[in-house]
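This report describes one protein chain for a reader who has the sequence and the three-dimensional structure at hand. Please keep both in view while reading.

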Amino acid sequence: MAALRTSTPRLLRSTIPSLRPSIAIRTYATVEETLSKPIKAAGESLSATQPPISEKHTNTIPDPNKSDEHAATKTFHIYRWSPDRPTEKPKMQSYTLDLNKTGPMMLDALIRIKNEVDPTLTFRRSCREGICGSCAMNIDGVNTLACLCRIPTDTKAESRIYPLPHTYVVKDLVPDLTQFYKQYK
């Protein structure tokens, strides 16, 4: 039993450095679309009680694969901000997806948007099982994990996705968790 305990940390130390570069590469992208009116200044956190954003303050990107007349389409408004352009204000970007072609969880919708509609969307994800907490964000006014939050089936209601409130935003839906880890110690 003691031999098993001493060999396990060595095994973990040898595998961790090889995983880190792929994580860093996966979480950074560039934002290319802008809005005419900003929502808030960069660095300000958003509140869950913030009033809805009017349609004229968002850009809508439709689902490119939309061909079915009986499609259950849903609109997702996603917070966007890029550190590559610090003079631009944060904005909300709208994406329309067919729920019949998307998995049941919010993380499935975000992955589909990133893979098929807008590859510049940035968010964290890892286990997809609600264990790691890397996909934590504010979805429809509730701080939750995107991998555990179901997409509401009401297609008339629009979903709003923000980064965690009271944290600095690194990019799009990626919060800066250094203060969280300092408090955790």
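## A cysteine in a loop

C132 lies in the loop between α2 and β4. Leaving aside residues up to four places away in sequence, C132 touches S126 and C127. The C-alpha atoms of C132 and L145 are 9.5 Å apart in space, while the two residues are 13 apart in sequence.

## Confidence and overall layout

The average pLDDT of the protein is 76, and 63% of the residues score at least 70. Over residues 1–52, pLDDT stays under 50. Where pLDDT is low, the predicted coordinates should not be read in detail.

The protein has three helices and eight strands, and along the sequence they follow the pattern α-β-β-β-α-β-β-β-β-β-α. Among contacts between residues at least 6 apart in sequence, 63% join residues at least 24 apart. Of the 185 residues, 37% count as buried. The accessible surface comes to about 11200 Å², and carbon and sulfur atoms account for 56% of that surface.

In soluble globular proteins, nonpolar side chains tend to be buried together. In this model, the largest nonpolar core has 31 residues, of which F76, I78, L110 and I161 touch the most other members. At least two residues of this core come from each of β2 (73–80), β3 (91–98), α2 (106–117), β4 (136–139) and β6 (159–162). Helix α2 gives the most, with seven residues.

Which residues does I78 touch, not counting those up to four places away in sequence? The contacts of I78 are K91, M92, Q93, Y95, L110, I113, L121, I161 and L173.

## Salt bridges

The whole structure holds six salt bridges. One of them joins R80 to D118, with the closest N and O atoms 2.8 Å apart. R80 belongs to strand β2, whereas D118 is in the loop between α2 and β4, so this pair links distant parts of the chain, 38 residues apart. R80 and D118 are both buried, and together with D172 they are linked in a network of salt bridges.

A salt bridge also forms between R128 and D108, whose closest N and O atoms are 2.6 Å apart. This pair, too, links distant parts of the chain: R128 is in the loop between α2 and β4, D108 is in helix α2, and 20 residues separate them. R128 is partly exposed because its relative accessibility is 44%, while D108, at 15%, is buried. The side chains of R160 and E158 meet in a further salt bridge, with an N to O distance of 3.9 Å. R160 is buried, with a relative accessible area of 15%, but E158 is partly exposed at 34%.

## A nonpolar patch on the surface

F180, Y181 and Y184 form a nonpolar patch on the surface, and their accessible area together is about 420 Å². F180 is placed in helix α3, which covers residues 178–184. Is F180 buried or partly exposed? With a relative accessible area of 47%, F180 is partly exposed.

Technical notes. Residues numbered from 1 in each chain as written. Predicted model: local features only at pLDDT ≥ 70, side-chain atom pairs only at ≥ 80, totals over all residues. Heavy atoms only, no water. Patch = residues over 30% accessible without salt bridge, like charges linked within 9 Å, V, L, I, M, F, W, Y side chains within 5 Å. Areas by Shrake-Rupley, 256 points an atom, 1.4 Å probe, with all protein chains shown as cover. Salt bridge = Lys/Arg side-chain N within 4 Å of Asp/Glu carboxyl O. Helix = DSSP H or I, 4+ residues; strand = E, 2+ residues; numbered from the N terminus. Buried < 20%, exposed > 50% of the residue type's maximum accessible area, 1.4 Å probe, protein only. Core = buried A, V, L, I, M, F, W, Y, C linked by side-chain atoms within 4.5 Å. Contact = heavy atoms within 4.5 Å. pLDDT = per-residue confidence, 0-100.
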